[in-house]
Amino acid sequence: MASIFDIFFLEAVLNGLLLGGLLALLSLGLNLIFGVIDVVWICYAELIMVGMYAIWWLHTQQGWPLWMAMPTCVLFVGALGAAMHQFVIKPVLAAEPINQLLVTGGVLFLLQAVTTMAFGVEFRNLGVRIPGFAVGEMSLSGARMVAFVAAMLAIAGAYLFLNRTFMGTAIRAISQDRAIMPLMGVNPSRVYLITSAIGGGLAGLAACLLVLQYDVHPAIGLSFGPITFLICVLGGLGNLIGGFVAAFVFAQFISVGGFFLQLEWGYVLAFAFFMATMFWKPEGLLSKRRKA
Amino acid sequence: MSGPHANPATDTLLRIDNLSAGYGAFQVLFDVSLEVKAGESVAVIGPNGAGKTTLLRAISKLIEPTAGQLHMAGQRYDGRPAHEVISLGIAQVPEGRRLFPRLTVEDNLRMGAFLPAARAHFAQRLEMVYALFPRMKERRAQLAGTMSGGEQQMCAIGRALMSGPRLLLLDEPSAGLAPVVVQSIFEVVRKMSAEGYTVLIVEQNIQQVLKVVDRGYLLETGRIHASGASADLLANDSVRRAYLGV
């Protein structure tokens, strides 16, 4: 009996790990945008929802193969991210943070309403099944495995981009001293636009991975948007490495907590841990270094 | 290290005609004209609040001039946005250094080479800067904000050199530094002008800066009040009385 218990426990840990990779990807784009532009896109999960619809529509309604529909989705949501910055954020860059938050909240409801009008409230399924596989007595989901690997590759790519390229260095620099950027030949507006497009592209990639696992409907953003936001806060808003760590911690609470109790209790434990952390370390698990 | 050796000081690199600038309704500069020839080192001296930093900010287009013209190598550029000025060959070491404190020394230097034209020379200019400031090579992986003031100033000068500028603007490089460090910073300025860099430096530290530059302008309450060769300015009675305490 003990050995079966152990194997299911291990399965829960592994599932938590897979979930953590996906959550890390979800939080990366939101965190990047906040860290660079200092604006929280409350509607970030709705961009992912729009991307899921884009893939569903292209694949099931237009007959596109997934290998064409998915890259198109990444580009489309990336363009949506750039448009989001240009037409929604840029006009309120100098406004109070609460106004910026409300504007992105408005976009959240706008996207929900538009997708409801376009596609109705039915749950839409892609109709693609990736076979799972068994390791000993553990069964692991193929779609989750694919999502984990793709998320890790994207995160590694983003890390290399931010650390090894001139534009990536500028993206890290601009939050430290925006006013001085023109002396480097950097146009701050362009850096913001590129950052927003990358954040959108990451949301598009997340849409590709989520649509393999979940049905899409206009309110699906609400089921992972709040978690994404909490992970960013848990890791210290704008702290990319903190967000990465927090995603895995949070996922283990959900998965292992759900194993010992029930799935819902996993979420309760995760949110309780979040609140406790906010009292204990209000600036996040890995508190961001303060400005010198 | 090889500086951009220009013709003997004959051709004008930077020319400022009747420049006025300020912040909103608060005018700081009044009808300022000056020029810097290729290969020269020139100082703008004057007391605190005279408008020296504002002058450099206007030259880099960080603030919009309200009147007057800016020319670089014969090309008028005061209508261009700030981020295009560096592509004309004007690099500035701003007041207070303004490094990116949470980037490494090498990433700060990388930012100096952001321009597409400068990226191709990144490795070569990095070696040049490391040869000029060996300390920066030792500290290449250190966060810039954790270094001493003198080291930060070297990093800031190195960052400006990474773009391969034809004109280097230095804003109070000695401010806030210990006297012995100030000496070494002025030594760097002297060395750069000896190697053919064209330098426009703004300083309150009048006595020391006039020893390392060719010419100077005296800026007081936003107006040029005197100009001439360094030796002449040092001998100028009003300069001596007001600033050198003799």
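Predicted model: local features only at pLDDT ≥ 70, side-chain atom pairs only at ≥ 80, totals over all residues.

Residues are numbered from 1 along each chain as its sequence is written, while chains are lettered from A and ligands numbered from 1 in the order in which they are written.

**Stop 1: two helices in chain A**

Select residues 221-234 and 240-260 of chain A. These are α8(A) and α9(A), packed at an angle of about 120° with axes 8 Å apart. Helices here are DSSP runs of H or I, at least four residues; strands are runs of E, at least two. Axes are lines fitted to C-alpha atoms, for helices over the stretch in contact, and angles run from 0 to 180 degrees between N-to-C directions. Now show the side chains. A:I231, A:C232 and A:L234 of α8(A) meet A:G243, A:A246, A:A247 and A:F250 of α9(A). Contact means C-beta atoms, placed from the backbone, within 7 Å.

**Stop 2: the sheet in chain B**

Move to chain B. Six strands form an open sheet in the order β6-β7-β8-β3-β9-β10, with mixed pairing. Strands pair if DSSP finds at least two bridges between them. Select 90-93 and 223-229. These are β6 and β10 of chain B, the edge strands; each has a single partner, so one side of each lacks a neighbour in the sheet. On average, neighbouring strands are turned by 15° against each other, direction ignored. Find B:L218: its bridge partner in β10(B) is B:A226.

**Stop 3: two domains in chain B**

Colour 10-89 + 167-172 + 181-246 as domain 1 and 95-165 as domain 2. These bounds come from an automatic or database domain assignment. The domain centres, taken over C-alpha atoms, are 23 Å apart. Where they touch, 12 residues of domain 1 contact 10 residues of domain 2. On the domain 1 side, α8(B) gives the largest share, four residues.

**Stop 4: where the chains meet**

Show both chains. The contact takes 22 residues from chain B and 17 from chain A. Select 105-112 of chain B, which is α3. α3(B) gives the most to the chain B side, with four residues.

Definitions and conventions
Contact = placed C-beta atoms within 7 Å.
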